[in-house]
Amino acid sequence: MTKEFLAPGKDLIQKIWEEFGLNEQRVKESVEALKNWLAMEPHLPEESGSLHEARLERWLIRCKNSMERTKQSIDLYYTLRSLSPEIMCDWNPRSKWFQDAVQACCYFPMPELTPEGDRVNMLKYLTKDATNFVHEDLVRMFLMTTEVRMCEDYSFTDILILDMENYTLGHNSKVKFTIAKKGEVCFMKAFSTRLKALHIINASSFAEVFIAIIKAVFSSKLTSRIFVHGKDLTNFRKQVPQMCLPDDLGGTGGSLQENWNLWLKKVDSYHDWFLQHENFKSDESKRQGGDFDSGELFGFDGSFRRLNVD
């Protein structure tokens with residue numbers, strides 16, 4: 001039976017807090033300190049409200065309670081909203097690009113956490129027809145899901161499952177290295193995602209180019225966490241709990257389509273917030289310090305002021 005995605009309970013939140021030396025009071029103090037820091041940075045926007053505070057709390061958790069790393073990640077997030085609008089802006093779940101994208105691909109978190117407190121996320125090409133597949137829009141949709149999770153979710157790490165059953169040469173021809181790299185920087189650094197494993201399943205020979213691109217944009221540390229499974233999923237099913245897999249993959253987490261439909265309702269509930277958030281980005285003309293070099297960040301030429309990101 002498919003379950004609706006719900007935020008984890010107090011027990012898991014308490015467990016995660018304890019892992020990183022936090023408690024309710026320290027979280028409140030840290031969030032307040034981050035709000036004060038943001039107010040003193042002239043190039044960063046002024047946000048407010050409960051969702052803003054919830055996102056700051058999760059940034060702190062994702063950065064393992066390191067205030068300096070959290071500040072770097074938040075700064076990078078707003079900078080990338082200026083630097084990469086093709087994937088970090090126009091997050092309107094009722095726009096035509098989004099409606100087309102969700103017919104071509106799906107990306108959503110499974111409702112059940114693993115016993116270790118990790119979140120399993122499903123990414124799948126829904127059709128072999130690549131006519132409406134746009135790489136930028138897939139990444140943009142991917143990041144919108146991550147944004148919603150920043151407002152609601154709690155987990156130790158992420159496990160990503162990429163199902164390439166319907167991946168074809170048509171998809172291959174539309175994949176762009178620059179978009180893949182920008183997406184990786186946004187996902188891993190701006191959102192400070194802690195990726196425990198990337199399982200690529202149902203991978204055919206068509207997928208080799210795409211897999212090579214993924215390995216090229218990831219660091220060597222992350223590349224070691226990529227596992228390619230082909231059509232035989234016996235070993236894969238030993239590595240991911242059954243309750244965290246959709247029925248389509250031999251799990252008990254409900255069908256993939258039902259999970260996707262429920263998650264789309266969740267994303268649509270953020271419609272007004274996404275529109276209000278559209279203009280929250282860095283104003284690079286007001287940044288204090290040295291020049292930001294996006295070439296150093298992405299590996300190709302850029303012209304923004306420099307921001308050191310670990």
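Colleague: Is cysteine 89 buried or exposed?
Modeller: This is a predicted model, in which local features need pLDDT of at least 70 and side-chain atom pairs count only at pLDDT 80 or more, while totals for chains, interfaces and linings use all residues. Residues are numbered from 1 along each chain as its sequence is written, and side-chain values use heavy atoms, with hydrogens and water left out. Buried means under 20% relative accessible area, exposed over 50%, and partly exposed in between, for a 1.4 Å probe and protein chains only. Because its relative accessible area is 5%, cysteine 89 is buried.

Colleague: How many disulfides does the structure hold?
Modeller: A disulfide is a pair of cysteine sulfur atoms within 2.5 Å. The sulfur of cysteine 89 has its closest cysteine sulfur in cysteine 186, at 9.9 Å, which is too far for a bond. The number of disulfides in the structure is 0.

Colleague: Which cysteine holds the sulfur closest to that of cysteine 151?
Modeller: Cysteine 151 is buried, at 6% relative accessibility. Its sulfur is 16 Å from the closest cysteine sulfur, too far for a bond, and that closest sulfur belongs to cysteine 63.

Colleague: How are α7 and α13 oriented to each other?
Modeller: Axes are lines fitted to C-alpha atoms, for helices over the stretch in contact, and angles run from 0 to 180 degrees between N-to-C directions. Helix α7 packs against α13 (residues 256-268) at about 70°, with axes 11 Å apart. Angles under 35 degrees count as roughly parallel, over 145 as roughly antiparallel, 65 to 115 as roughly perpendicular and the rest as oblique. Therefore α7 and α13 are roughly perpendicular.

Colleague: Which residues of α13 meet α7?
Modeller: From α7, the residues involved are Met141, Met144, Thr145, Val148, Arg149 and Glu152. Those they meet in α13 are Trp260, Trp263, Lys266 and Val267.

Colleague: Where does threonine 146 lie, and which residues does it touch beyond four places in sequence?
Modeller: Threonine 146 is buried, with a relative accessible area of 1%. Its C-alpha atom is 9.1 Å from that of threonine 193, 47 residues apart along the chain. Threonine 146 lies in helix α7, and the residues in contact with it are Arg62, Tyr107, Phe187 and Phe191.

Colleague: Which residues does histidine 52 touch, not counting those up to four places away in sequence?
Modeller: Histidine 52 is part of helix α3, residues 50-62. At 4% relative accessibility, it counts as buried. The residues that histidine 52 touches are Lys35, Leu38, Glu47 and Tyr78.

Colleague: What is the phi of aspartate 90?
Modeller: Most residues other than glycine have a negative phi. Aspartate 90 lies in the loop between α5 (85-88) and α6 (96-104), and it is partly exposed, with a relative accessible area of 34%. Although it is not a glycine, aspartate 90 has a positive phi of about 55°.

Colleague: What is the phi of serine 192?
Modeller: Serine 192 is placed in the loop between α9 (177-190) and β4 (195-201). It is buried, at a relative accessible area of 8%. Serine 192 is not a glycine, yet its phi is positive, at about 50°.

Key: Helices (H or I, at least four residues) and strands (E, at least two) are DSSP runs, numbered from the N terminus. Contact means heavy atoms within 4.5 Å.
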